[in-house]
Amino acid sequence: ADRPLVLAHNWSFGGFALEFRLDGPAARAGRLELTNAYRGLGFESHDVFMDRTGVYALDSGQNRLAHADHPSLSLGPLRFPRGLAATPAQFIIGTGERGVDHETRQTTRTTLLIVDRAAWQVAAQYDLGAHGNTCDVLLLDRPDLTDAKGISFRWRPLRRIAARLKHPLRR
């Protein structure tokens, strides 16, 4: 069955994800069947991800990685997380800086955080330079669990494209 997970946020209620069913009698009648709702996904939420361990989202409003059923993980002060990739052992999160005006956001520090999923802590952070806020993170060298349940339809071609970008003159 096709089951989309739709992430939404409401300024006063907070972030939540709605799981729908796209097959069955309701869908054939032009309606979607709501099968689950997941609350507690922060404020100003982005990048929903679900696996057997639960539902996660990046919470830009409170600088954290939110989990629907467990305490959220703080990503540090003034982080603006957006862009989530996952492996069985790690989350890879892109961040910019929070609390700056729109024009300044374009040149704030860009950071990549590596979260150890088992320890539920930030294991490493990398300053990528003054490139502003991130929009997305995608793994190129192995399947990204946030992309098609870990069987990425696009990661192999992107690896070839990335190799060309590193060596643009090579054909």
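Reader: In this predicted model, which backbone atom lies 2.4 Å from a polar atom of the side chain of T134?

Author: That atom is the backbone oxygen of R82, and the side chain of T134 also has a polar atom 3.4 Å from the backbone nitrogen of T95. T134 itself lies in the loop between β11 (121-129) and α3 (155-166), and, leaving aside residues up to four places away in sequence, T134 touches R82, G94, T95, G96 and T110.

Reader: Is T134 buried or exposed?

Author: Buried means under 20% relative accessible area, and because T134 has a relative accessibility of 12%, T134 counts as buried.

Reader: How should I read strand β6, and which of its residues are buried?

Author: In a regular strand the side chains alternate between the two faces of the sheet. Here both faces of β6 (residues 64-67) are covered, with R64 and A66 buried on one side and L65 and H67 buried on the other. β6 pairs with β5 in the antiparallel sense over 4 bridges, A66 being the bridge partner of A57, and β6 pairs with β7 (residues 73-74), also in the antiparallel sense, over 2 bridges, where R64 stands opposite S74.

Reader: Which residues make up the largest nonpolar core?

Author: In soluble globular proteins, nonpolar side chains tend to be buried together. The largest nonpolar core here has 12 residues, among them F49, L65, L84, A86 and I93, and β5 (54-59), β8 (79-86), β9 (90-97) and β10 (110-116) each supply at least two of its residues. A second, separate core of 7 residues includes A17, Y38, L41 and V55.

Technical notes
Residues numbered from 1 in each chain as written. Predicted model: local features only at pLDDT ≥ 70, side-chain atom pairs only at ≥ 80, totals over all residues. Heavy atoms only, no water. Buried < 20%, exposed > 50% of the residue type's maximum accessible area, 1.4 Å probe, protein only. Polar contact = N/O pair within 3.5 Å; in protein donor to acceptor, adjacent residues only side chain to side chain. Contact = heavy atoms within 4.5 Å. Core = buried A, V, L, I, M, F, W, Y, C linked by side-chain atoms within 4.5 Å. Pairing = 2+ DSSP bridges.
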